[in-house]
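Q: Could we work through how the contacts in this model are read, taking one kind of feature at a time?

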Amino acid sequence: MRDVILNISGGSALDRFCGFCVKVKQTYTSFPLGSCINRSGLDNDDYVAFFVKNFNWAVFENELKWYWTEPQKGNYNYRDSDDLLEFCKCHGIQTRGHCIFWEDSNAVQQWVKELNQNDLRAAVEKHINDLLSRYRGKFQHYDVNNEMLHGSFYQDRLGKDIWSYMFKMAHQLDPSAILFVNDYHVEDGKDAKSSPEKYINQIVDLQERGAPVGGIGVQGHITYPVGSVVHTALDALSILGLPIWFTEMDVYSTNEFVRADDLEIMLREAFAHPAVEGIMFWGFWEFMSREQGHLVDWDGAINEAGKRFISLKKEWTTNVKGHTDREGQFKFRGFHGTYEVEVSGHSRKTRQTFTVDKGDSPIVVEICL
């Protein structure tokens with residue numbers, strides 16, 4: 001949040017602007033709140049309406065993954081990712097690219113598994129060139145190589161330097177994109193493979209090998225979250241000075257009231273932490289998200305978890321009204337984003353838009369009547 005001073009002026013020096021009515025409404029929240037979407041969801045009007053109303057970022061569930069864009073060698077499918085990108089562009093939605101590679105062998109196509117070392121390296125180079133050349137400048141982020149704490153398909157076959165090479169190539173091909181690592185169970189203390197300390201060591205090793213790691217992806221698939229544990233993990237990761245994003249958040253519970261409470265724990269910890277710069281859900285619609293992690297039932301009814309999410313969004317939006325003081329000023333503290341203000345009094349009225357961005361000092365907005 002940031003302090004804001006609206007300074008009312010205009011007319012002659014004799015004009016007094018004390019006691020004017022001020023109404024401030026936040027029309028856009030700049031904090032990234034997003035979800036994964038898929039191509040089939042675009043055919044559901046209710047799905048689209050909920051997404052556009054409640055989210056400002058998107059990530060594609062499967063449509064950008066290599067096994068989707070080239071399921072058989074030379075058989076390409078960019079149609080679905082093109083459609084999703086066009087949808088996001090039309091609605092002013094920013095996008096994360098997930099993912100260029102995935103270290104889990106279960107997510108690697110059979111034809112890729114059958115390549116020898118030289119052919120595999122050539123295929124890796126061709127894929128990253130094809131993908132990032134096609135979409136240069138269109139994705140704000142990329143998860144370069146998914147789940148390197150839990151898998152090692154490419155490293156086992158091409159050597160340890162292949163991971164840093166992937167980052168270097170991605171940066172060379174699309175220097176505007178922020179390049180992320182991305183992994184799971186980092187925040188919940190339940191997986192010895194992915195403690196914050198091991199994640200930090202992996203990131204530092206990548207950086208020492210020249211990889212331009214620009215962000216830390218914490219997936220956030222969780223059951224029964226403990227706020228203090230999540231907070232401690234985020235504190236540990238923040239020592240690297242890189243932006244942290246929850247990239248695939250969902251909270252599992254068959255009881256939607258429990259799910260709502262647990263989701264609130266996760267969202268409050270994430271939103272409040274100074275190192276967290278974005279939150280992405282891994283779906284929101286029943287049968288188009290992880291089981292028992294949805295916000296909206298299959299028939300379009302918003303369940304308790306969805307209602308809690310909407311309530312928190314409202315809490316994190318600034319709408320205030322009041323009157324100017326003796327100096328003709330109106331002061332408030334607001335969340336980052338775009339605002340519309342209406343000032344009226346003495347048969348005068350004006351409307352103006354302004355933006356509250358990040359900063360430590362108060363932002364002064366001049367309003368001329």
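Q: Is tyrosine 339 buried or exposed?
A: Burial is judged by relative accessible area, where buried means under 20%, exposed over 50% and partly exposed in between, with a 1.4 Å probe and protein chains only. Tyrosine 339 has a relative accessible area of 0% and is therefore buried, and phenylalanine 332, at 9%, is buried as well. This is a predicted model, in which local features need pLDDT of at least 70 and side-chain atom pairs count only at pLDDT 80 or more, while totals for chains, interfaces and linings use all residues. Residues are numbered from 1 along each chain as its sequence is written, and side-chain values use heavy atoms, with hydrogens and water left out.

Q: How many aromatic pairs does the structure hold?
A: Rings of Phe, Tyr and Trp (its six-membered ring) pair if their centres lie within 6.5 Å, and planes under 30 degrees apart count as stacked, over 60 as edge-to-face and the rest as tilted. The structure holds 30 such pairs. The ring centres of phenylalanine 332 and tyrosine 339 are 5.9 Å apart with their planes at 55 degrees, so this pair is tilted. One aromatic cluster includes Tyr47, Phe87, Trp285 and Phe309 among its members.

Q: Where does arginine 96 lie?
A: A charge sits over a ring if NZ of Lys or CZ of Arg is within 6 Å of the ring centre and within 35 degrees of the ring normal. Arginine 96 lies over the face of phenylalanine 180, at 4.7 Å from the ring centre, and arginine 121 lies over the face of tyrosine 165, at 5.7 Å.

Q: Which residue forms a salt bridge with arginine 39?
A: A salt bridge is a side-chain nitrogen of Lys or Arg within 4 Å of a carboxyl oxygen of Asp or Glu. The partner of arginine 39 is aspartate 83, with the closest N and O atoms 3.0 Å apart. Helices (H or I, at least four residues) and strands (E, at least two) are DSSP runs, numbered from the N terminus. Arginine 39 lies in the loop between strand 3 (33-37) and helix 1 (45-54), whereas aspartate 83 belongs to helix 3 (residues 79-90), so the pair ties together parts that are 44 residues apart in sequence. Arginine 39, at 24% relative accessibility, counts as partly exposed, as does aspartate 83 at 30%.

Q: Which residues are linked in a network of salt bridges?
A: The network links Asp261, Glu264, Arg268, Arg308 and Glu315. Within it, the side chains of aspartate 261 and arginine 308 meet at 2.9 Å, N to O.
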